[in-house]
Amino acid sequence: MRVGITGASGMLGAALVIHLSKSHEIFATSRGKGEEGENIEWDCFNLTNTALLNKWLNKVKPDIVIHCAAIVNVDLCEDNVELATKLHVETTKVMVNYLDLNGGKLIYISTDSVFDGKKQRSYNEDDLVSPLNIYAKTKLMGEQSVLSLNNSGLVLRVNIIGWTQEGKTSFAEWMLKNLVDNGPLKLFHDIYFSPLHVDNLSLIIEKIIKNPIFGLYHCASSDSISKYEFGKKMAEIFQLFDLNINRVSVDDMEFKTDRPKNMALDVRKISFALSYDLPNAVDAIKLMKCQYDKNSNLLN
């Protein structure tokens, strides 16, 4: 398959490039090059330039595009509504239009933040959305465009952890670095999420490429955990002291915009569709530890 990947130097994009290039032709795009190797072709440009995006699509002629590119900094999206809209909504529409005309498929990587977080249990695909910030609102608008595709559009709502490339830091890496350096860590006891390791998500996406599913699916860990408990578990698994972890409430923070307290996702729909048992949140930490044991430079 000819697989286009946007945001290909990001945490998920890089994992997909490495994993899928073993069996597919990969056409990667990002603002800067990431993983290089056999079956990987790079084109670096600003995705919000729709002329360049259309040129790339017509050149690559992908059978499938995995749209990972996003501004994940919630506060940055609040300050840059136009940019967030261009990247999350307008670029998605360009891909939808191209793939609809040319018979290709689109996998859109969305977010667990499209809900208001007031539900006491995990959110399923039938729950009403109520985004609280620009990031979530624009990602949801992107979803709607993808779901307009007939039997060729797939939306995956995710929450991911893993290792980033040099010069970038993910939530889990930030937490681990502070544990190693004994730096102060304020972790929310009242925000719950369902983190999935990017390598596990890459395997799931490979399954989907082989046996396509379409529509809307939640794709995350099989359970949920608070940010505070996640930090405590990370310290335990990496055998680090956790005395620097402070249990705090998100209500005490002064963010530019609201964030949902409950981002737990119910994954039974995708588990049934793929006949696959998704790993739990602790499994994601254990996989990071296994990778760190093999390459301790990952944290540098």
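## A salt-bridge network

Glu-41, Asp-43 and Lys-59 are joined to one another in a network of salt bridges. Keep in mind as you look around that this is a predicted model. Side chains of opposite charge can pair when their charged atoms come close. Across the structure, the count reaches 16 salt bridges.

## Other charged pairs

Another pair is Glu-36 and Lys-33, where the N to O distance of the salt bridge is 3.5 Å. Both Glu-36 and Lys-33 are exposed.

## A pair along helix H10

Helix H10 covers residues 281-294, and there Asp-293 and Lys-289 sit four residues apart, so about one helical turn separates them. These two residues form a salt bridge, and their closest N and O atoms are 2.9 Å apart.

Lys-289, with a relative accessible area of 17%, is buried.

## Asp-75 in helix H3

Finally, take a look at Asp-75, which belongs to helix H3, residues 74-79. Its relative accessibility is 19%, so Asp-75 counts as buried, because buried means under 20%.

Which residues does Asp-75 contact, leaving aside its neighbours within four places in sequence? They are Phe-255, Lys-256, Thr-257 and Arg-259.

How values were computed: Residues numbered from 1 in each chain as written. Predicted model: local features only at pLDDT ≥ 70, side-chain atom pairs only at ≥ 80, totals over all residues. Heavy atoms only, no water. Helix = DSSP H or I, 4+ residues; strand = E, 2+ residues; numbered from the N terminus. Buried < 20%, exposed > 50% of the residue type's maximum accessible area, 1.4 Å probe, protein only. Contact = heavy atoms within 4.5 Å. Salt bridge = Lys/Arg side-chain N within 4 Å of Asp/Glu carboxyl O.
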